[in-house]
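Visitor: I would like to go through the charged pairs and a helix packing here. Could you guide me?

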Amino acid sequence: MTKKKVLILSGGGADQMNTSLRDGFVALGHEAGIYFGDQPSRYLSMMKLSHRAGFDSSAIMYWQKFKEANDASYEKAIMTFGPDVIFMIGFNSITSRLVRKLTKTYHIPTAYVVIADPFAVDPVNSYYVDCFVDCSHLFFHAPDSMPAVRLISSAHMTPFAFPGDPAFYRPLGVKKEFDIFMLGQFSSLSASTATKAYILDTLCAEGF
């Protein structure tokens, strides 16, 4: 197996997944790094305020400006690291212009893990499909969305099941009747946050 340099681009919110991915690549003999480039900005603040106020078109506009402002730092980090492969997971802070440049101009294989069905989330989140449509490889946590994405992307597509990394998730050694494992993230911008909070609240109320 040829050793590769793998750069994981992180926009936050999936910190343990990023670390697990890096450790997995390293265990396979590759060199791997994580780059977190998002910085607080007025565009990000305005996007959040617009979304919470229900002004979705304004939220999308500010989010696009935020991504454009990040592109230079991401491109610089990529050129400095010199990766053979770029890996992104649930990441939407990069413009489609830069992804296209990475794959078409720099010829760097660029993979993206699609966590949620991009066509089944709220309007503000659904436009992030432009982040992965030009990637060379797509991995799907929700493979039911693969046929629809094939209509807009020529990337190589593969179902991808998240395992539980024993570095973070392990038996607690407590007496229990049921063992429940939940993998997810909570964000004020996620359409599924309320559902996950309700499930956890219900489980707690039932004594789990």
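Guide: Gladly; we will take the salt bridges and then a pair of helices. This is a predicted model, where local features need pLDDT of at least 70, side-chain atom pairs count only at pLDDT 80 or more, and totals for chains, interfaces and linings use all residues. Residues are numbered from 1 along each chain as its sequence is written, and side-chain values use heavy atoms, with hydrogens and water left out.

Visitor: How many salt bridges does a search of the whole structure find?

Guide: Side chains of opposite charge can pair when their charged atoms come close. The criterion is a side-chain nitrogen of Lys or Arg within 4 Å of a carboxyl oxygen of Asp or Glu. Searching the whole structure on that basis gives a count of four.

Visitor: Which residue meets Glu-75 in a salt bridge?

Guide: Helices are DSSP runs of H or I with at least four residues, strands are runs of E with at least two, and both are numbered from the N terminus. The N to O distance in the Glu-75 pair is 2.7 Å, and the partner is Lys-101. Glu-75 lies in helix 3 (residues 56-81) and its partner in helix 4 (residues 96-105), so the bridge ties together parts 26 residues apart in sequence. The residue asked for is Lys-101.

Visitor: Is Glu-75 buried or exposed?

Guide: Buried means under 20% relative accessible area, exposed over 50%, and partly exposed in between (1.4 Å probe, protein chains only). Glu-75 has 14% relative accessibility, so the class is buried.

Visitor: Which residue forms a salt bridge with Arg-100?

Guide: The closest N and O atoms of this pair are 3.0 Å apart. Arg-100 sits in helix 4, while the partner is in the loop between helix 5 (123-126) and strand 5 (137-140), 34 residues apart. That partner is Asp-134.

Visitor: At roughly what angle do the axes of helix 3 and helix 4 cross?

Guide: Axes are lines fitted to C-alpha atoms, for helices over the stretch in contact, with angles from 0 to 180 degrees between N-to-C directions. Angles under 35 degrees count as roughly parallel, over 145 as roughly antiparallel, 65 to 115 as roughly perpendicular and the rest as oblique. Helix 3 and helix 4 are therefore roughly parallel. Their axes come within 10 Å, and the crossing angle is roughly 20°.
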